[in-house]
2 protein chains.
Amino acid sequence: MMILGLVRWMQPVHGYDVRRELLSWSADKWANIQPGSIYHALRKLTEEGLLRAVATEQVGARPARTTYEVTVKGEDEFETLLRNSWWTISEPPDPFVAAFSFLPAMPRDEAAAALRNRANQLRAGIESMRASLESDWVRNRKPAHVGWMFELWSARAEAEMGWCERIAERIDSGVSYLPAELDEAQGWSGWKDGAEPPDTDAE
Amino acid sequence: MMILGLVRWMQPVHGYDVRRELLSWSADKWANIQPGSIYHALRKLTEEGLLRAVATEQVGARPARTTYEVTVKGEDEFETLLRNSWWTISEPPDPFVAAFSFLPAMPRDEAAAALRNRANQLRAGIESMRASLESDWVRNRKPAHVGWMFELWSARAEAEMGWCERIAERIDSGVSYLPAELDEAQGWSGWKDGAEPPDTDAE
DNA sequence: AGCGTAATAGCCAAGTTTGACTAAACCGTG
DNA sequence: CACGGTTTAGTCAAACTTGGCTATTACGCT
């Protein structure tokens with residue numbers, strides 16, 4: 001729950017503020033938070049005693065807004081949570097890896113093309129990150145470590161770019177996907193270039 | 001829903017088979033699937049007409065098991081889903097990035113130490129992946145593209161390793177986190193080395 | 001002034017995910 | 001052969017997430 005961290009950083013805040021902040025970081029992308037979940041999270045954190053509802057103002061006939069603050073217990077909890085995320089490593093789930101594991105279901109030429117396309121998209125992403133790194137907006141108005149996060153994304157993307165091109169090459173070269181042991185059999189084509197694998201009982 | 005893909009690949013299967021396969025790929029790590037969700041997914045896919053329940057056998061008094069197959073519609077849907085994942089890029093959510101965005105809340109020395117520790121963990125991960133790449137088990141019994149996935153993870157990890165060390169250096173060097181514009185103010189220390197940021201109203 | 005669009009705030013029902021739980025059958029081993 | 005542990009197979013209630021909805025006020029434009 002990194003919402004706790006946001007509240008801690010912006011307190012006192014009401015839900016909509018948090019929502020806006022997350023939106024401006026387009027945090028729905030790299031965090032796991034859709035706007036709908038915020039209010040539930042705030043209420044849950046409150047009932048766990050990590051937050052405290054500080055006030056409920058109302059302007060005109062608009063919906064009332066509740067303002068929150070972090071309690072001492074919340075401060076503690078955030079500290080352990082944060083420390084935990086910093087010290088332990090955890091493979092985040094990646095839809096592309098999942099898709100890649102179905103490589104044999106893709107026609108070879110499409111797979112190679114898609115990988116090259118991915119490399120290009122990555123390159124474009126890096127480019128635009130470099131650009132905003134140079135831009136005054138990030139250089140002057142944003143804390144330095146925001147730029148550092150961009151560097152991390154760039155570094156990862158660059159590595160992946162190289163990989164995409166290497167693998168596209170290999171796929172084009174026509175090497176078999178089969179485990180070395182049964183490389184004499186000829187199965188495993190995709191739905192495009194032939195019948196289904198003749199039940200090789202792999203694994 | 002990449003469960004569909006698994007069923008397509010292993011059909012005919014029952015839920016527990018899928019669960020075992022996912023477990024053996026330790027897919028709860030890099031995919032988004034805990035064993036509990038499988039049965040719900042199967043039922044949902046069935047009622048959407050993408051799967052078809054093929055039989056419900058029962059051995060002795062053990063729980064009955066239902067076997068599924070992919071329908072033609074399911075085949076189609078899988079094709080579009082898969083193609084979509086191959087051609088479009090999507091930043092997966094990464095808890096570390098989220099944690100890193102709270103850098104100013106960490107004491108400098110701990111942050112640097114954690115980053116160096118992370119670099120080491122990454123190095124160890126790469127090492128063990130290299131090892132299993134060399135191992136006969138992967139080289140002979142597993143399809144080639146499984147090894148290629150390992151290469152992707154390695155490449156990303158290597159890039160991240162470098163980044164960790166660079167950033168640790170910077171943090172040690174004591175550069176300010178503040179946006180260049182207000183670098184004369186002195187706020188923003190963590191909970192460890194001082195008071196909270198004096199409400200710089202950043203963004 | 002009038003009117004359409006956007007922003008403000010948050011709620012909520014419907015859908016999903018999850019970890020804990022059953023309960024029989026198989027395995028091996030002293 | 002008895003009996004403890006693992007494997008098989010799946011269910012379920014509780015928690016969580018989500019996208020859509022409401023209803024008011026502010027803003028921009030002619």
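## Second largest pocket

In this predicted model, 27 residues line the second largest pocket, and those nearest its centre are Ala98(A), Met2(B), Ala31(B), Asn32(B) and Ile33(B). The volume of this pocket is about 570 Å³.

Elements of both chains give at least two residues each to the lining of the second largest pocket: helix H6 (95-100) of chain A, and helix H1 (3-10), helix H3 (27-30) and helix H4 (35-47) of chain B. H4(B) supplies the largest share, four residues. Sorted by class, the lining of the second largest pocket consists of 17 nonpolar, seven polar and three charged residues.

## Largest pocket

The largest pocket holds about 1,200 Å³ of space. Its lining is made up of 50 residues, with Trp30(A), Trp153(A), Arg156(A), Glu91(B) and Pro92(B) lying nearest the centre. On the side of chain A, the elements that contribute two or more lining residues are helix H3 (27-30), helix H5 (72-87), helix H7 (108-134), helix H8 (136-141) and helix H9 (144-172). On the side of chain B they are helix H6 (95-100), helix H7 (108-134) and helix H9 (144-173).

The lining of the largest pocket divides into 25 nonpolar, twelve polar and 13 charged residues.

## Nonpolar cores

In soluble globular proteins, nonpolar side chains tend to be buried together. The largest nonpolar core here has 56 residues, and the members that touch the most others are Phe100(A), Leu115(A), Trp163(A), Ile171(A) and Trp86(B).

Beyond its neighbours within four places in sequence, Trp163(A) is in contact with Phe96(A), Phe100(A) and Leu115(A) in chain A, and with Trp148(B), Glu151(B) and Leu152(B) in chain B. Another core, of 55 residues, lies apart from the largest one; among its members are Ala41(A), Leu133(A), Phe150(A) and Ala99(B).

## Relation between the chains

Terms used:
Residues numbered from 1 in each chain as written. Chains lettered and ligands numbered in written order. Predicted model: local features only at pLDDT ≥ 70, side-chain atom pairs only at ≥ 80, totals over all residues. Heavy atoms only, no water. 1 Å grid on protein atoms, 1.4 Å probe; cavity = no way out; pocket = protein on both sides within 12 Å on 5 of 7 lines; lining within 4 Å. Points joined across faces, edges and corners; volume = space filled by probe spheres on them. Nonpolar A, V, L, I, M, F, W, Y, C, P; charged D, E, K, R; others polar. Core = buried A, V, L, I, M, F, W, Y, C linked by side-chain atoms within 4.5 Å. Buried < 20%, exposed > 50% of the residue type's maximum accessible area, 1.4 Å probe, protein only. Contact = heavy atoms within 4.5 Å.
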